[in-house]
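Reader: I would like to learn how to read ring contacts in a structure. Please start with charges over rings.

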Amino acid sequence: MDVDNFSVIAEEFDRRVRKIVWCNFTTIDRQGRPRSRMIHPIWEGATGWIATGRQSFKAKHLAVNPYVSLTYWDPDHEQIYAECHAEWDDDQEIKQRVW
């Protein structure tokens with residue numbers, strides 16, 4: 001489903017990410033290959049917060065290509081697919097609140 005306005009799916013999106021919690025997070029490595037790992041984003045509306053270090057493989061991949069793909073799935077076959085643009089936020093108040 002293509003959505004032009006997140007508000008159309010916000011309630012259902014929130015219900016599913018709270019139910020499923022963990023998702024597959026895919027970046028593109030520095031050689032152009034997809035790399036996936038399981039993560040637990042914290043969502044606030046359409047913004048997903050992910051904690052990682054500046055020297056992590058995720059950070060190195062995002063430095064070359066800031067686009068990521070997230071996939072949630074559960075045994076009831078509910079799914080979420082989110083194609084996202086990642087960026088750093090160094091605001092200490094936000095970090096403390098999200099953490």
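Author: Take R54, which lies over the face of W88, 4.0 Å from the ring centre. A charge sits over a ring if NZ of Lys or CZ of Arg is within 6 Å of the ring centre and within 35 degrees of the ring normal. K60 is another case: its charged end sits over the ring of F57, 5.5 Å from the centre.

Reader: What kind of model is this, and which conventions apply?

Author: This is a predicted model, where local features need pLDDT of at least 70, side-chain atom pairs count only at pLDDT 80 or more, and totals for chains, interfaces and linings use all residues. Residues are numbered from 1 along each chain as its sequence is written, and side-chain values use heavy atoms, leaving out hydrogens and water.

Reader: How many aromatic pairs does a search of the whole structure find?

Author: In general, a pair of aromatic rings is described by the distance of the centres and the angle of the planes. Rings of Phe, Tyr and Trp (its six-membered ring) pair if their centres lie within 6.5 Å; planes under 30 degrees apart count as stacked, over 60 as edge-to-face and the rest as tilted. The search of the whole structure finds two pairs. F6 and F13 form an edge-to-face pair, 5.3 Å centre to centre with 75 degrees between the planes. F13 and W43 also form an edge-to-face pair, at 4.8 Å and 85 degrees.
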